[in-house]
Amino acid sequence: MKNSLVILAAGNSSRFPEHKLLYKINTTCMLEIALQKGKQLPVLKRYVVAQHEQVKKLALSYGYEIIHNKHPEKGISHSIVLGVNSCKKDDGILFMVADQPLLKETTLQNILEKADEKHIVCVGNHDNFQNPMLFPKRYYEELLQLQGDKGAKKIAYVHKENVICVPCEKDEVFDFDTKKELQQFMMEDLNKDKC
């Protein structure tokens, strides 16, 4: 299958005191961690949906194509719609959020390996679907109907019988919404290193 990668990076990060995706974990910002992983994937094209110039500049430096989101206030659904419109000819789209810095490249590879023309592939289990999520072409029209801050999980639950779940470690899918959450994790990680 010819799949493309769409990294969703147009959010306002309203609960974070600065631009969340440009916040550094050790020496690398969150967005760059996602971009580096995406570059290793066997996909047809790589896109970043963005609104901020710094995000676009960084994505371009990694060779990604930019999808400009002029209306981030419309929620994540608008970014998804923009992504689908840019990839309509592709067999499938792997949607990835940019604020899951613990996500492993092997997990992304596993999702792509399971891709086919029928199934939605994501991480999690059948009670809890998580990002990243891969949608084959047959679901594009439904994705284009999304509105507001409801993401693509809504469609996965409608087609629950056609979802393949890829296992991953619990921490991999944690997205950091606040600086406190991120700092707490970093302190825990540092303490692990001291043991």
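A contact, as used on this tour, means heavy atoms within 4.5 Å. The model is predicted: local features need pLDDT of at least 70, side-chain atom pairs count only at pLDDT 80 or more, and totals for chains, interfaces and linings use all residues. Residues are numbered from 1 along each chain as its sequence is written, and side-chain values use heavy atoms, with hydrogens and water left out.

**Stop 1: the whole chain**

Show the cartoon. The protein chain has seven helices and nine strands. Helices (H or I, at least four residues) and strands (E, at least two) are DSSP runs, numbered from the N terminus. Switch to a surface. The chain exposes about 10,200 Å², and carbon and sulfur atoms supply 48% of that area. Accessible areas come from the Shrake-Rupley method with a 1.4 Å probe; for residues, only the protein chains shown count as cover. Of the 195 residues, 51% count as buried. Buried means under 20% relative accessible area, exposed over 50%, and partly exposed in between (1.4 Å probe, protein chains only). Among contacts with a separation of 6 or more, 69% join residues 24 or more positions apart.

**Stop 2: the cores**

Select Leu5, Ile7, Leu31, Leu35, Val48, Tyr64 and Leu94. These residues have the most contacts inside the largest nonpolar core, which has 30 residues. At least two residues of this core come from each of β1 (3-9), α1 (30-39), β4 (46-50), α2 (53-61), β6 (92-97), α4 (105-113) and β7 (120-125). Apart from this core lies another, of 29 residues, including Val49, Leu82, Tyr139 and Ala152. A nonpolar core is a set of buried Ala, Val, Leu, Ile, Met, Phe, Trp, Tyr and Cys residues joined through side-chain atoms within 4.5 Å. In soluble globular proteins, nonpolar side chains tend to be buried together.

**Stop 3: helix α1**

Zoom to α1. Seven of its ten residues are buried, so the helix is mostly covered. The buried ones are Met30, Leu31, Ile33, Ala34, Leu35, Lys37 and Gly38. Now pick Leu31. Leaving out residues up to four places away in sequence, Leu31 touches Ala9, Leu21, Val55, Leu58 and Ala98.

**Stop 4**

Select Glu53, in helix α2. Glu53 counts as exposed because its relative accessibility is 56%. The C-alpha atoms of Glu53 and His68 are separated by 9.7 Å.

**Stop 5: the aromatic cluster**

Show rings. The structure holds three aromatic pairs. Rings of Phe, Tyr and Trp (its six-membered ring) pair if their centres lie within 6.5 Å; planes under 30 degrees apart count as stacked, over 60 as edge-to-face and the rest as tilted. Start with Phe95 and Phe135. Their ring centres are 6.4 Å apart and their planes are at 65 degrees, so the pair is edge-to-face. Phe95 lies in β6 and Phe135 in β8 (residues 128-136), so the pair ties together parts 40 residues apart in sequence. Both Phe95 and Phe135 are buried. Tyr139 is buried. Ring pairs link Phe95, Phe135 and Tyr139 into a cluster.

**Stop 6**

Select Asn162, in the loop between α6 (153-158) and β9 (163-166). Asn162 counts as buried because its relative accessibility is 10%. Its side chain makes a polar contact with the side chain of Tyr139 (3.5 Å). A polar contact is a pair of N or O atoms within 3.5 Å; within protein, one must be able to donate a hydrogen and the other to accept it, and residues adjacent in sequence count only if both atoms are side-chain atoms. Leaving out residues up to four places away in sequence, Asn162 touches Lys118, His119, Ile120 and Tyr139.

Move to His119, in the loop between α4 and β7. With a relative accessible area of 19%, His119 is buried. His119 and Tyr139 are 20 residues apart in sequence and 9.4 Å apart, C-alpha to C-alpha.

**Stop 7: a cis bond and the cysteines**

Select Pro132, in strand β8. The peptide bond from Asn131 to Pro132 is cis, with omega near 0 degrees. Most peptide bonds are trans.

Finish on sulfur. A disulfide is a pair of cysteine sulfur atoms within 2.5 Å, and the count here is zero. Cys122 has the sulfur of Cys165 as its nearest cysteine sulfur, 4.2 Å away. Cys122 is buried, at 0% relative accessible area. Cys87 also counts as buried, at 1% relative accessibility.
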